[in-house]
Structure formats: C-alpha cells, structure tokens
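We start with the overall make-up and then move on to the places where elements meet.

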Amino acid sequence: MQEENLKKRQFLSAQVDLSKFNRSHFEAATEDEKRQQDVMGESTTFLKDGMRRLRKNPLAMASIIVLLLIVLTIIVAPSFVPYSYSEIISVNGKRDKSAANLGPFEYSKAEQRYMKSTGEKLFPHILGTDSLSRDYFIRVIYGTRVSLSVGVVAAIMVLIIGLVYGSVAGYFGGRVDLIMMRIVDIIYSLPDMLIIILLSVVFNERLKPLIDKTILRVLGTNMISMFLVFGLLYWVSMARLIRGQILSIKNNEYVLAAKCIGTKNGRILRRHILPNCLSVIIITTALQVPSAIFTESYLSFLGLGVSAPLTSLGSLANDARAGMQSYPLRLVVPAVIICLIVLALNLLGDGLRDAFDSKLN
Amino acid sequence: MAKYIFKRVLLAIVSIIIVSAITFFVMNAIPGGPFNKEKATSAQAQKVLEERYNLDKPVPEQYVLYMNNLLHGDWGVSLHSGRDIWGEISSRFSVSARLGGMAAAVAIVLGLILGALAALTRNRLPDRAIVFFTTLGTAMPSFVLATLLLLVFCLKLKLVPVWSSSNPNYVLPIIALSVYPMAYITRLTKTSMLDALNQDYVRTAKAKGVPNWKVIFKHALRNALIPVITYVGPMVAYILTGSMVVENIFTIGGLGSSFVTSITNRDYTMIMATTIFLAILMVIANLLTDIAYKFVDPRITFD
C-alpha cells in the first residue's frame with residue numbers, strides 16, 4: 001500500500017522519478033552506515049598540503065638545509081672566533097706585522113713564538129688573513145651577514161611598498177588604477193642599474209651629515225642608501241603582480257557579499273582579498289631576496305657598497321681582485337658563497353612555487 | 001595597431017625625458033663639482049671655467065640649456081678630458097656594441113639550441129645536464145664569473161692573453177656576459193617547447209607523416225620562439241649593465257667602464273650623455289621587443 005503513495009512522475013516533469021524507490025531507501029542510516037562515511041584521513045589545510053609537497057622536493061629540502069647551515073654559521077661563529085672583522089691581529093697586545101697574507105691555518109712568526117713561550121694554543125686563522133692582517137674567516141662571516149640581511153630587508157621593503165601600492169591600484173580600479181599604473185610603467189621602463197648607481201653615489205654623500213649623530217650611523221651611509229634605492233625602484237614588479245591578482249579576486253562572490261553587508265574597503269582587502277593571493281606574494285618575496293643579493297654584490301663590486309671596515313661578499317670579492325694571482329682563495333671563497341646562497345634561494349623559491357601555487361598544479 | 005605603437009613611442013619618449021631629468025638633478029646633488037680637484041685651481045680660474053660651461057646658472061636653467069643643445073645634436077665636451085663627447089661615446093660604444101652584440105648572439109643561439117634539446121630529451125641525461133648548468137648559470141653574478149674566468153684561463157692556465165686594444169680577445173668577456181641570458185633563454189625555450197610539443201597541431205603533423213625534424217623545426221620551435229622574443233628587451237638591459245663590471249674586470253675601454261669613472265670624476269656632461277645614450281638604447285630595445293611580440297603572435301590583441 002505504502003508503495004503506491006510514491007507518485008509516478010509526470011511525463012516531461014523535471015522531478016525525481018520516485019517510482020524507482022521504496023520506503024527502505026528513505027530510512028535513517030544506522031550507526032554502522034554513518035561510520036562508513038567518516039573521513040579516515042586527517043583533514044588537510046592549504047599550508048599542510050603545500051608543506052607535504054615541498055617535503056617531497058629534494059632540491060628544495062637541500063636548499064633549506066644549506067641555508068640553515070649558513071645562517072647557523074653566521075650566527076654562531078662570531079661567538080667562538082676570538083677575532084673581529086675590523087681587528088688587526090695582535091699578539092700580547094702588540095700589533096702583529098708579520099700576520100698579513102697568511103694561508104689557511106697558518107700562524108704568523110710572532111704567534112708561533114708566543115705559543116712556544118707560553119704553551120697556550122691560539123685560535124687558528126681558518127681562511128688565513130688578508131693584506132691588512134685581519135682574520136679572513138670572520139670577515140667572510142660578517143660579509144655573509146651583511147649580504148643576507150641586505151637581501152632580506154630589501155625584499156621586505158619591496159613587499160611592503162608593492163603590496164600597499166598594488167592593492168590600492170587593483171582594488172579601486174578605474175582612474176586611480178590608470179594613473180598609478182602609468183607611473184609604474186614609467187618607473188619600469190627606466191634603466192634601473194644606471195639610476196641605482198647614480199642614486200647610491202648621491203645618497204652616500206648626502207646622508208652622511210644627516211645620520212652622523214643617530215643610531216643609523218652603525219649601518220653606514222652606503223647600506224642605508226642601498227635600502228633607499230631598493231625601496232624606490234624595485235617595488236614596481238611586485239606592485240604589478242599584486243594588482244593583477246587583486247583584479248582577478250575582487251570580482252568573486254564573497255567579496256560582493258562582504259560589500260553588501262557594509263564591510264569597509266580596508267577590511268575587505270585585508271580579510272578577503274590579500275589572504276587569497278598570499279601564496280603568490282610569498283613566492284615572489286622569496287625570489288626577491290636573491291635578486292637583491294645580486295644587486296648588492298654588484299654595487300659593492302663597483303665600490304658603491306657598504307662602507308669599510310664593514311664588508312659584504314661583493315666587496316670582499318672586489319678587494320680580493322688586486323691580489324688574485326697570489327691569493328686566489330680570497331676571491332674564490334666569497335664568490336662561491338654568493339653563488340651558493342643565490343642558488344639555494346632560487347631553488348627554494350621554485351620549490352615553494354611548485355608546492356603552493358595551485359594554478360600550476 | 002598604429003594606436004598601440006603611437007602609445008608605446010609616447011611612453012618611451014616620456015621615460016627618456018624622465019631619465020634625463022633624474023640624472024641631471026641627481027648628478028648635480030652630488031657634492032663637489034668637476035673642477036674641484038685635489039690640486040686647487042684658483043678661485044678666478046674656477047669661476048671662468050664655470051661660466052664657460054654654464055655651471056654658474058641655477059640647475060633647472062642648466063637642464064633646459066643642456067636639453068636644448070642635445071636636441072640640436074650637440075652633446076657638449078667632456079668636463080674632465082675636454083674631448084668631444086659624441087666622438088668619445090661613439091668610439092667607446094663601438095667596442096661595447098661588438099662585445100654586447102656577440103654576447104647576445106651567443107646567448108640566443110646557444111639558448112635556443114639547448115632549450116630545444118632539453119625539451120626533446122625530457123627527463124633524460126642531456127636534459128638533466130642542461131637543467132643543472134642553467135640553474136648554476138642563473139645563480140652566478142656576471143662579475144663573479146668574469147673574475148673567475150680571468151683568474152683561471154688568463155692568469156693560471158695562460159690559455160688566453162690578457163685583453164689589450166691592439167690584440168683584442170673577446171672570448172672570455174663574451175662567456176662572462178652571455179652565460180646568464182643564455183641560461184634564461186634555455187629555460188624559456190624549454191618550457192614553451194614542451195608546451196608546443198603537446199599541442200594538437202604537432203600531433204596532427206606527426207599523424208600526417210611529416211618527418212620528425214620538420215615537426216620540430218617548423219611546427220614546435222617556431223611557436224616556442226614567441227616567449228623568447230619578450231626576453232630580448234631585458235637581455236639588452238642586462239648586457240649593458242653587465243658590461244660595466246665585465247669591461248672593468250677585463251680592462252676593456254668600452255662605454256660601461258667609462259660610466260663608473262665619469263661618476264667619480266663628476267664629469268657632468270659625460271654622465272648625462274652616457275645615461276641618456278644607454279637609456280635610449282634600452283627603451284628602444286624594449287619598444288621593439290613589445291612591437292615585435294605583437295607582430296609575431298597574431299593572437300595577441302592590441303589595446
């Protein structure tokens with residue numbers, strides 16, 4: 001009897017044809033059946049999923065290990081090497097004139113005499129010393145510190161400026177976008193390296209009196225001028241990229257929904273739009289670091305980099321050019337470290353892109 | 001099309017004017033003038049000199065004067081050496097252009113060949129080796145490569161003589177300049193070639209019985225060339241800036257190495273002339289690249 005209650009479908013009706021079913025199809029599921037529907041695997045998030053893919057990429061993992069080793073070394077090494085990057089080696093408080101241009105693990109005559117007379121073992125010069133009798137290992141360590149921090153700080157500056165500029169242009173669109181993007185087009189078409197060289201010369205000279213009495217003096221004018229130059233010129237590609245992302249995201253329904261309930265523009269940008277282009281932003285920032293290190297070493301190599309006695313990998317390589325025939329090690333070491341860092345960062349950036357950018361999968 | 005080209009040319013002119021203005025004002029903001037040398041000239045001589053080269057006038061007026069002369073084809077004389085700037089630039093540029101042109105040619109030809117090879121032998125040994133070397137190539141700044149080449153081949157092995165203008169040997173500078181763009185072109189060609197090989201028209205051609213080499217060259221490689229064209233503009237910029245250090249290292253008297261010295265000499269007219277000259281080159285390269293790109297690929301719309 002009950003079966004007949006289920007109506008037969010009308011001809012041409014879009015309704016589900018109930019005649020194929022009987023009551024038993026509509027009974028509540030038993031506990032056993034419910035349990036079958038449980039998802040056995042742990043639910044995964046965007047981040048976890050990406051990390052899983054990243055871990056499967058041997059090149060990216062190797063790069064992470066190399067970078068961690070380098071960072072660990074430059075943090076730890078200064079605490080157990082008893083020399084400083086600007087210190088001229090001295091024995092018993094006297095300047096050691098024989099300590100210039102030592103080979104790796106060599107001791108100068110004065111040091112040998114000192115060790116013989118007191119029996120105390122001095123810390124070896126792992127990479128020898130430079131022509132001004134400074135321990136080269138610690139100089140390389142500080143050079144790496146400077147180069148890496150220039151890269152990271154510059155990337156963060158580019159990120160902040162590009163993010164703000166790009167999201168404003170992309171979100172508001174129309175005339176604002178048009179004008180802002182024309183400015184970007186013009187900056188983009190400038191020959192950046194020429195302007196960078198000019199600006200770094202100017203900033204170098206002009207900033208000196210300004211920062212002489214402030215805490216910024218520690219950094220030196222060259223370093224600050226380099227940051228200014230990066231901040232002024234390198235944000236454009238980041239701004240373009242973020243604008244493009246936002247243009248494609250802002251037409252989604254959830255943005256419209258947020259607008260309908262009266263959410264403010266700033267909140268929509270921060271809560272709804274930016275999180276959705278996060279992966280692209282992170283990847284581009286990661287790839288910005290090696291390019292900043294490239295530029296810094298290039299400028300330092302031209303003699304426009306950090307001011308002495310502070311040093312960077314580029315200026316170490318530049319200084320080593322003078323004596324490269326007799327002391328090739330001093331050229332090779334900073335050169336290899338630059339290549340290693342840039343290589344590892346590039347590979348890591350590629351790995352991040354493969355792991356997190358869903359559009360490429 | 002005409003509208004697009006017009007718009008791009010306009011943008012190019014605006015950016016050249018902006019570059020010249022930035023350079024001019026920035027350059028004048030560097031303390032010290034061209035006549036402030038260690039050996040002090042008398043105040044009167046300095047004044048005469050400054051009057052002679054319009055340096056006593058306010059900076060904006062100097063700029064207008066300079067641009068006016070430039071538009072009449074007068075690049076002025078070098079404040080440092082007193083030589084005619086245009087003669088200086090054209091003689092130095094002929095050296096740089098030869099070096100840069102050969103480096104660009106090497107980069108494009110080798111990059112295309114290696115990229116196509118890598119795509120055709122995907123995941124096999126040649127591909128692996130090419131990927132390895134291109135990754136290495138993009139991680140090496142040109143100055144590192146240049147100094148290492150100089151050290152190994154010139155000074156240690158003595159295979160190549162040190163550069164001199166009477167006996168120019170361009171091999172090492174060309175390698176130093178072309179490795180990075182070559183690696184980049186290889187990567188670009190490989191990706192676009194892989195993409196092209198998966199297209200329907202390649203399958204159709206193969207199914208028709210077109211010989212393999214013809215499919216590769218006529219159907220796949222030709223379409224794979226399009227993205228490579230976009231890189232030509234940035235490559236010109238890279239080679240021009242790269243030549244500044246490479247020329248410096250190999251002591252080649254080109255335009256790049258003179259730019260750095262003219263800054264340290266505060267040689268205003270030389271700085272201006274070099275910047276404007278290089279900026280025009282780069283802007284033209286970018287302009288031609290963009291227009292060529294639209295010509296080659298009819299699918300791209302003009303807006």
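## Chain B at a glance

Chain B contains 11 helices and zero strands, so the pattern along its sequence is simply α-α-α-α-α-α-α-α-α-α-α. Please keep in mind that this is a predicted model. Along the principal axes, the C-alpha atoms of chain B fill a box of roughly 85 × 55 × 30 Å.

Of the 303 residues in chain B, 38% count as buried. Contacts that reach across the sequence are well represented: among those in chain B between residues at least 6 apart, 75% join residues at least 24 apart.

## Chain A at a glance

Chain A has 15 helices and two strands. Its 361 residues include a buried share of 35%. For contacts in chain A with a separation of 6 or more, residues 24 or more positions apart account for 66%.

## Where the chains meet

Which elements of chain B give two or more residues to the side that touches chain A? First, the totals: 35 residues of chain B are in contact with 32 residues of chain A. The contributing elements are α1 (2-29), α5 (125-138), α6 (142-156), α9 (212-249), α10 (255-264) and α11 (268-296) of chain B. The largest share, 10 residues, comes from α1(B). By class, this side of chain B has 27 nonpolar residues, eight polar residues and no charged ones.

Leaving aside residues up to four places away in sequence, A:Pro191 touches B:Val19, B:Ala237, B:Leu278, B:Ala279 and B:Met282. A:Pro191 counts as buried because it has 23 C-beta neighbours inside 10 Å, where 20 or more are needed.

## Helix α6 of chain B

α6(B) is one of the elements on the side of chain B that touches chain A. This helix has 15 residues and spans 20 Å from its first C-alpha to its last, close to the 21 Å expected at 1.5 Å a residue. After α6(B) comes B:Lys158, with a positive phi near 55 degrees.

Which residues of α6(B) are buried? They are B:Ser142, B:Phe143, B:Val144, B:Leu145, B:Ala146, B:Thr147, B:Leu148, B:Leu149 and B:Leu150. The buried residues of α6(B) pack against elements of both chains: α13 (278-301), α14 (313-320) and α15 (328-356) of chain A, together with α7 (171-197) and α9 of chain B.

Let us look at α9(B) with α4(B) (residues 85-120). These helices pack at an angle of about 145 degrees, with their axes 9 Å apart, and α4(B) passes α9(B) in a right-handed crossing.

Next comes α9(B) with α10(B), at an angle of about 80 degrees and with axes 7 Å apart. That angle makes the two helices roughly perpendicular. Here B:Leu240, B:Ser243, B:Met244, B:Glu247 and B:Asn248 in α9(B) meet B:Gly256, B:Ser257, B:Phe259 and B:Val260 in α10(B). This contact has four nonpolar residues, four polar and one charged.

## Loops and a proline to inspect

Two loop residues of chain B deserve a look for their backbone angles. B:Asn123, in the loop between α4 and α5 of chain B, has a positive phi near 65 degrees without being a glycine. B:Asn123 is exposed, with 8 other C-beta atoms within 10 Å. B:Thr251, in the loop between α9 and α10 of chain B, also is not a glycine and has a positive phi of about 50 degrees. B:Thr251 counts as exposed because it has 12 C-beta neighbours inside 10 Å, and the cut-off for exposed is 12 or fewer.

A:Pro328 and A:Val71 are 257 residues apart in sequence, and their C-alpha atoms are 25 Å apart in space.

Notes:
Residues are numbered from 1 along each chain as its sequence is written. Chains are lettered from A and ligands numbered from 1 in the order in which they are written. This is a predicted model: local features need pLDDT of at least 70, side-chain atom pairs count only at pLDDT 80 or more; totals for chains, interfaces and linings use all residues. Two residues are in contact if their C-beta atoms, placed from the backbone, lie within 7 Å. Helices (H or I, at least four residues) and strands (E, at least two) are DSSP runs, numbered from the N terminus. Ala, Val, Leu, Ile, Met, Phe, Trp, Tyr, Cys and Pro count as nonpolar, Asp, Glu, Lys and Arg as charged, and the others, Gly among them, as polar. The expected span of a helix is 1.5 Å times one less than its number of residues. Axes are lines fitted to C-alpha atoms, for helices over the stretch in contact, and angles run from 0 to 180 degrees between N-to-C directions. A crossing is left-handed if the near helix is turned anticlockwise from the far one by less than a right angle, and right-handed if clockwise. Angles under 35 degrees count as roughly parallel, over 145 as roughly antiparallel, 65 to 115 as roughly perpendicular and the rest as oblique.
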